[in-house]
Amino acid sequence: MEVDREDGRSQNQLRPLACSSNILHRAHGSASWSQGDTKVLAAVYGPKAGTKKNENPEKACIEVIWKPKTGQIGKLEKEYEMILKRTLQSICILTVNPNTTTSVIIQVVNDDGALLPSAINAACMALVDAGIPMRHLAVSICCCVARSGLVILDPTKLEEQNMKAFAYLVFPNSVHSVLPEGSLSVQGEPIENGIITSVTHGVMSVDDYFYCLEQGRAASTKLSDFLRRNLQQQSTDSSKAG
Amino acid sequence: MVTYREDGSSEVQLGQTRVMGIVTAQLVQPYRDRPKEGMLSIFTEFSPMADPSFEPGRPGELAVELGRIIDRGLRESRAVDTESLCILAGKFVWAVRIDIHILDNGGNLVDAANIAALAALLTFRRPECSLGGEDGQEVIVHPPEIREPLPLMVHHLPIAITFGFFSNESILLIDPTHNEEAVMNGRMTTTVNANGDICAIQKGGGEGVPQRVIMQCLQLATSKAASITKQIKDAVEAFNTERALRKIKRHPTSTGVDVREKQNQYTCNIPVSLEHFKSKTEVVITRTRKHYPLNMAA
């Protein structure tokens with residue numbers, strides 16, 4: 001079953017990706033991530049002294065502020081903040097700087113589908129730019145299930161609205177390491193097969209969900225490579241400048 | 001109430017300061033005492049992204065002051081024609097909303113935000129609508145594919161120019177950076193347009209300055225306003241030609257290259273970098289009482 005997507009992509013094709021980091025002067029770390037027309041700007045300030053009221057002072061705390069393009073901040077923005085906070089808490093090493101707060105601010109520049117995944121990717125890059133200690137990076141992708149039962153990746157806003165269900169998935173990025181094989185796997189599976197976050201909207205069958213996971217994982221390796229290339233390039237650029 | 005996704009957006013970089021402006025419009029009922037006028041409102045968001053000292057939540061006094069300065073420049077000088085926003089008197093008018101997001105605080109947010117607002121307004125297109133229904137009382141809004149959306153009527157461009165005063169050394173600075181803002185004694189923002197009209201002056205507290213200095217500031221501002229107006233207009237022109245070219249590509253020969261036309265929004269990004277505006281004009285003022293000549297190094 002071939003589906004005709006508006007922009008001529010196949011079902012597993014991602015939109016053109018673009019990212020850049022260190023674009024803001026005052027923020028400690030910043031990054032901009034765009035997937036097709038969806039563009040998100042992320043800034044990181046931290047670590048700052050003290051933690052918020054209900055947070056554990058023996059660990060670092062991460063605070064997320066989501067700024068929509070226009071309009072008031074509502075429940076949807078609060079939900080995104082919470083999902084982003086939990087995702088980032090699981091990839092950052094919180095025991096390194098106890099009793100500090102790191103603020104991550106997300107500004108939506110344009111929303112054309114797959115907004116939360118773009119924001120997670122941008123936030124990751126900004127955290128790297130700021131030098132916050134992390135275990136590994138996270139790459140995020142959106143998969144959706146069409147009414148016909150077909151699973152497609154990285155929908156645009158129009159496509160998202162016509163879907164039966166969609167899922168935002170976050171995977172740890174693939175690891176290139178000097179350590180021996182065994183230490184990177186958990187119970188016999190390589191670490192990148194794990195899943196950090198999964199948010200679904202709409203109704204889908206269990207088989208469809210597992211199929212989405214597979215497709216998402218395959219796409220996440222491509223995203224990881226893109227991220228790695230970009231970061232390596234930027235570190236060589238800055239070492240030349242320094 | 002239906003909100004339309006047609007928007008004009010602009011991003012301005014002024015030295016290290018970066019500001020984004022977004023314009024959207026909605027059809028609403030007009031105010032009782034002004035049934036034939038549309039509405040213009042400005043929302044400023046001092047994002048915590050821009051400065052570690054900006055708190056999220058309610059806008060602080062700086063944010064409110066910035067919003068008011070821009071608002072006064074646009075509304076009271078009638079830069080934007082609100083009467084053209086009226087569709088059906090007393091029932092439906094367009095309410096234009098300008099959102100200003102401060103992304104990076106390198107100083108002089110007022111000027112940058114003002115330029116962002118103007119650039120966004122100039123590129124914004126509202127959908128065309130017509131009256132219909134049985135008694136001509138219903139408004140039909142035409143989607144952008146059917147009928148070309150219309151630009152706003154902007155009569156002139158009020159440009160805000162901020163000055164900083166240092167009374168100890170009697171120095172006047174134009175366009176202060178945020179390090180300079182932290183140590184200056186007084187500030188003044190003048191909003192002038194290229195025709196030489198003064199749209200607004202804002203001087204809130206700080207050191208008192210002699211009248212002569214104010215006149216000097218106004219003259220400097222008028223000369224700067226002309227060059228900035230030209231830059232904004234050039235950027236908007238470049239964007240409009242690019243958009244017209246994009247529309248021509250709509251015809252079926254190109255397969256899936258440009259997705260943008262097929263959707264209901266036109267996002268416009270005008271990178272307006274006004275690097276040379278950042279050149280500071282240092283005017284050294286020495287008081288004539290001491291019999292020293294007035295030195296002006298421009």
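Lys230(B) is exposed in this predicted model, with a relative accessible area of 53%. Its side chain forms a salt bridge with that of Asp234(B), at 3.1 Å from N to O. Asp234(B) has a relative accessible area of 42% and is therefore partly exposed. Both residues belong to helix α4 of chain B, which spans residues 211-248, and because they are four residues apart there, about one helical turn separates them.

Over all chains, the salt bridges number 16. Glu159(A) and Arg9(A) form a salt bridge whose closest N and O atoms are 4.0 Å apart. Glu159(A) is buried, with a relative accessible area of 8%, and Arg9(A) counts as buried at 8%.

Arg15(A) and Asp154(A) also pair through their side chains, with an N to O distance of 3.1 Å. Arg15(A) sits in the segment before β1 and Asp154(A) in the loop between β7 (151-153) and α3, 139 residues apart. Both are buried. A network of salt bridges links Arg9(A), Arg15(A), Asp112(A), Asp154(A) and Glu159(A).

Back in chain B, Leu121(B) is part of helix α2, residues 109-123. Leu121(B) has a relative accessible area of 3%; the residue is therefore buried, the cut-off being under 20%. Beyond its neighbours up to four places away in sequence, Leu121(B) touches Val23(B), Leu74(B), Val80(B), Val96(B), Ile98(B) and Leu152(B). The C-alpha atom of Leu121(B) is 21 Å from that of Lys247(B), a residue 126 places away along the chain.

Terms used:
Residues are numbered from 1 along each chain as its sequence is written. Chains are lettered from A and ligands numbered from 1 in the order in which they are written. This is a predicted model: local features need pLDDT of at least 70, side-chain atom pairs count only at pLDDT 80 or more; totals for chains, interfaces and linings use all residues. Side-chain values use heavy atoms; hydrogens and water are left out. Helices (H or I, at least four residues) and strands (E, at least two) are DSSP runs, numbered from the N terminus. Buried means under 20% relative accessible area, exposed over 50%, partly exposed in between (1.4 Å probe, protein chains only). Contact means heavy atoms within 4.5 Å.
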